[in-house]
Amino acid sequence: MDSALIPKGVQRCSLGKFTLFIGAVSAVLLWGVYAMLLCWLKGLNQTNMNDYYGFALWIWADLAVIALGGGAFFTGFLRYIVGKNELKNIINYAVLIGFICYSSALLILAIDIGQPLRGWFIFWHANVHSMLTEVAFCLSCYFGVLTIEYIPLVLENRQLNKVPFFHNLAHNMHEVMAVFAATGAFLSFFHQGSLGGVAGVLFGRPFAYREGVFIWPWTFFLFTWSAAAYGPCFTLSLTKLLEKVSGKKLVKDNVVELLAKISGWMIITYIIAKIADTWYWAAVTAPEGGFTLMDFYSNNPLYGIWILVLEIVIGGIIPGLILITETGRKNKFLLITAIILACIGVSVNRWVMVLQVMAVPVMSFDIWAMYIPSWQEVATTILPVAYGVILVALSYRYLPIFPQERELNPITD
Amino acid sequence: MSKAQEHNKAKKYGMVIDLDKCTGCGACMVACMAENNVPFKKDESDKLLSITWMKVYKLTNGKDFPDADICYLPRPCQHCEGQHSGHSPCVSVCPATATDYSTDTGIVSQIYTRCFGCRYCMAACPYHARHFNWWDPVWPAGMEKMLSPDVSVRMRGIVEKCSFCFHRYQRAKDKAYMEDRRELEEHEYQTACTQACPAGAIIFGDLNNPDHEVHKIAQPDPGHHGRPKNPNAFRLLERLGTNPKVYYLSSREWVRKAGDNYLKTEKINKH
Ligand code: SF4
Ligand code: SF4
């Protein structure tokens, strides 16, 4: 029924099946929307956050999606600025994922403050010394850039493209996309960094505090680096997931391998820097505050040294090593393992920089506080996932996201 | 120094709390809540959700009888100055400038109408001095008539904290102005907790004024960001560089040591 909207030369499932799928995901979405409304109408008492855990599940989700969405700016940077032409076959999808991640991040922030009507204060009364101010400005601007990058894709829908104005607009936008990719990369470098700075500047919290250069703590640079390193892995894992779901190959191996290789080297260099940072912090910065490394990882039921192992070894060194070797990249199982571990690694890093920071007692007579998110928090965290699934499904069905799909899946009647 | 200069000299209001005198009675907490219209819930059993501008902690030396010893430590906002004026942990991070450091008084303010509830300042404050209004304040019927008209009540979704009863400062300044005076006497501006403490454990005044009790007791060292020269005085988490304006006093070494974190191998580094 909707075949007129579907890109030429590709096959899609029946509209009935598609509607059923969208319906099921929408039910999850509505559950999230209900929880979101509860938080807005009744307040943040709907969550299990408290004065010790003022930053909790949402802020982690926020930081995680922004890191994972980093595939958009870094792939854009590689394609348009560095000139890795092969990546044109995956850039659309990277942009789409980035668009979803960043819009989700903004939505989560709106829920997190519990009173979105006052959200504009951050722009109006902006304190230029605050890392969060920089995050807010860059995030909003970069979301604008991603929207501009996504629009020509939407305009390439078969029916929309028939309208001459849209056709020309899409064409012209493509022509100048390098400018937006460069702007996006610039904005992203900053706000990813500022997000790292958010925790790193907390000199009252020795677990988070890092030294650095001028006003920038080391976490500033580590966050940017890690988003660039791990973001492409998220793009790749979602590509693989979509290939699995659709039962079709969508991107050629050489494209996947190129991105995986670059990502692998980025991860390896990042993880060396991360280890150096951790070592310096454990040996110098934390002891200056009166803490040993193990003070941060003991005397509590959850936060153990396993977190550091999971983040650095399992989610960093291992995927990095797999991705830089040709055999690793060519082996399907190893490749998928590596990109999944990488996504876990960067998410653990963001988790630590949000929740463990708050959990570690600083005053010698203080307690480790534990926290379990309420269903409202879980539902509102799943909400953007459901929204993302719907947007991916719609975009995949109606827009030419994967330029190689037709070639890889010739229709034979 | 000329009279005019003397008048313009910046104040640095601060507090000295004598932990050897504090009995842990909690009068300061009650006085603070009443004075500042601090809201409370029907069920206050979860203390991580309670708003306590002033909170009394119980410390123990961890030893068994007969060496067991305890100490009560009242904790208001420490009105941190940071390493340079106004670089308090919370002030430096607030994206909306909803909390500010006054170089005239040394008081860290909270502008409720500007706060949008991001809670970044709470993450920054190692003393848990900041509290979020998870609920709208609801007063038992009739009690709203007892609220102080000098202090605004706070709505759901914003952060609040101890202000050193700033409205009392304003009131004292107004009075002085009407009497054609520029300077306040030490007793004219005192916080509610100071006045309520039955043991006289809390002393409040201008740390910059050598005539004030707080200055005499704490003996702040200007060369070291106000670190106390009095060997029995200490500040919480001194080594983090928050540079608080609340000084604690104790003759017991374990209490002074509890004010900070030390490595096992490290000797307590005092002055
Ligand atoms: S005690 Fe906490 S709230 Fe008060 S000034 Fe220091 S950091 Fe800010
Ligand atoms: S919660 Fe309010 S005071 Fe605290 S940092 Fe955010 S806007 Fe500023």
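These legends describe close-up views of a predicted model. Residues are numbered from 1 along each chain as its sequence is written, while chains are lettered from A and ligands numbered from 1 in written order. Local features need pLDDT of at least 70, side-chain atom pairs count only at pLDDT 80 or more, totals for chains, interfaces and linings use all residues, and side-chain values use heavy atoms, without hydrogens and water.

**View 1. The largest pocket is lined by 36 residues.**
A pocket is an open set of points on a 1 Å grid over the protein atoms alone, where a 1.4 Å probe fits, with protein on both sides within 12 Å along at least five of seven lines; lining residues have an atom within 4 Å of a point. The space in the largest pocket is about 1000 Å³, a volume being the space filled by probe spheres set on the points, which are joined across faces, edges and corners. Nearest the pocket centre lie A:Leu238, A:Leu241, A:Gly388, A:Val389 and A:Val392. Two or more lining residues come from each of H1 (15-42), H2 (57-68), H4 (88-112), H9 (218-246), H13 (332-359) and H14 (375-398) of chain A. H14(A) gives the largest share, nine residues. Helices (H or I, at least four residues) and strands (E, at least two) are DSSP runs, numbered from the N terminus. The lining has 25 nonpolar, seven polar and four charged residues; Ala, Val, Leu, Ile, Met, Phe, Trp, Tyr, Cys and Pro count as nonpolar, Asp, Glu, Lys and Arg as charged, and the others, Gly among them, as polar.

**View 2. The shell around ligand 1 includes B:Cys77, B:Cys80, B:Cys90 and B:Cys125.**
A residue is near a ligand if one of its heavy atoms lies within 4 Å of it. B:His79, B:Arg130 and B:Lys161 are also among the residues around ligand 1. By class, this shell has eight nonpolar, two polar and two charged residues.

**View 3. Ligand 2 is surrounded by residues including B:Cys94, B:Cys115, B:Cys118 and B:Cys121.**
B:Phe116, B:Gly117 and B:Arg119 also belong to the surroundings of ligand 2. The shell divides into eight nonpolar, two polar and one charged.

**View 4. The peptide bond from B:Phe65 to B:Pro66 is cis.**
Omega is near 10 degrees. B:Pro66 lies in the loop between strands E2 (55-60) and E3 (70-75) of chain B.

**View 5. B:Cys165 has a positive phi although it is not a glycine.**
The phi of B:Cys165 is about 45 degrees. B:Cys165 sits in the loop between strand E7 (159-160) and helix H5 (166-178) of chain B.
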